[in-house]
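Please have a look at it first.

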Amino acid sequence: MPRNKQRFVVLVDLDAFYASVEMVEDPNLLGKPLLIGGSPTGRGVVAAASYEAREFGCHSAMAMARALRLCPKAVILQPNLQLYHKYSQQVMDILRCESELIEQMSIDEAYIELTSIVDSMAEAEGLAHRMQGRIRVEMGLPCSVGLASNKIVAKVACETGKPRGFVLVQAGEEAAFLSTLEVRKLPGIGPKSTQRLQAIGLETLGQIANAPITTLTRVLGPWGAVIQQRARGEDPSPVSTS
């Protein structure tokens, strides 16, 4: 691939994956608040929550007892990891039919590089829409898609469109797309780093992109330089199948 060729990178992220699989297996669960995890009578935690349950404030890693207090009518199911892995493999097989360059990040998320098989963003957009449509029609699963010139922007784009979203960021518009977002929206900036940045008045990614590098390295150490690069929409990391 020529160095100066525009890249086309897609991130596909299955929405509320565990809950969505359970709803495909049992359509009677559709539209109901669903919590997947341990028992509320013990020390069980929420492994996944449907979007209906999230509307009540439930989320993963929350104590199941607390989640049930927030959403008393929720349906609670034990995780079925074997089933989820089966669905995940089938989704990844669909993606590999569209491109050989797939980097699976987790059971429900993967980057797909389209640079070598398309010549324009319009072609990439059509192919990404086809992936999203195939997953929905063939598997019955909703997913969100981010399409951009690199992995970090594709990731943020995908997150901003959830659930069932499709967000495209044109080449050259990466920094503008990121600029108004809160600092916590950028992968690599956790809760502690967010607090440190906000303490010195850096609230948005645009502010990080324009901040003196000495300020960022003072607050975040050497990682500050990487964060600034990402906040500017720059990410040279490849999509790797290994």
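This is a predicted model: local features need pLDDT of at least 70, side-chain atom pairs count only at pLDDT 80 or more; totals for chains, interfaces and linings use all residues.

Let me begin with helix α1, which is mostly covered, since seven of its nine residues are buried; buried here means under 20% relative accessible area, while exposed means over 50% and partly exposed lies in between, with a 1.4 Å probe and protein chains only. Residues are numbered from 1 along each chain as its sequence is written, and side-chain values use heavy atoms, with hydrogens and water left out.

The buried residues of α1 are F17, Y18, A19, S20, V21, E22 and M23. Their cover includes the strands β1, β2 (34–37), β3 (46–49) and β4 (75–77), together with the helices α2 and α4, where contact means heavy atoms within 4.5 Å.

A16 is not a glycine, and yet its phi is positive, at about 40 degrees; with a relative accessible area of 11%, A16 is buried. As background, most residues other than glycine have a negative phi, and most peptide bonds are trans. A second residue other than glycine with a positive phi is A61, where the value is near 75 degrees. A61 belongs to the loop between α2 (51–54) and α3 (64–70), and its relative accessible area of 66% makes it exposed. On the peptide bonds, the one from K162 to P163 is cis, with omega near -10 degrees, and P163 is in the loop between α6 (151–160) and β8 (166–168).

Now to the helix pairs. Two packed helices are described by the angle between their axes and the distance between the axes. For the pair formed by α4 (residues 81–98) and α5 (residues 121–139), the angle is about 145 degrees and the axes are 10 Å apart; the axes are lines fitted to C-alpha atoms, for helices over the stretch in contact, and the angles run from 0 to 180 degrees between N-to-C directions. These two helices make a right-handed crossing, a term used if the near helix is turned clockwise from the far one by less than a right angle, with anticlockwise giving left-handed. On the α4 side the contact involves Y87, Q90, V91, I94, L95, C97 and E98, and these meet L127, R130, M131, R134, I135, E138 and M139 of α5. Sorted by type, the residues of this contact are nine nonpolar, one polar and four charged; Ala, Val, Leu, Ile, Met, Phe, Trp, Tyr, Cys and Pro count as nonpolar, Asp, Glu, Lys and Arg as charged, and the others, Gly among them, as polar.

How do α10 and α11 cross? The axes of α10 (residues 213–220) and α11 (residues 223–231) come within 7 Å and cross at roughly 125 degrees. That makes α10 oblique to α11, because angles under 35 degrees count as roughly parallel, over 145 as roughly antiparallel, 65 to 115 as roughly perpendicular and the rest as oblique. The crossing of α10 with α11 is right-handed. The residues in contact are I213, L216, T217 and L220 from α10, with W223, G224, A225, I227 and Q228 from α11, and they divide into six nonpolar, three polar and no charged.

One of those residues, I227, also touches I189. I189 lies in the loop between α7 (174–179) and α8 (191–199) and is buried, at 6% relative accessible area. Apart from neighbours within four places in sequence, the contacts of I189 are V183, R184, T194, L197, L205, I208 and I227.

For C58, the nearest cysteine sulfur is that of C71, 5.0 Å away, and C58 is buried at 3% relative accessibility. For C143, the nearest cysteine sulfur belongs to C158, at 7.9 Å, and C143 is likewise buried, with a relative accessible area of 3%.

Methods
Helices (H or I, at least four residues) and strands (E, at least two) are DSSP runs, numbered from the N terminus. A disulfide is a pair of cysteine sulfur atoms within 2.5 Å.
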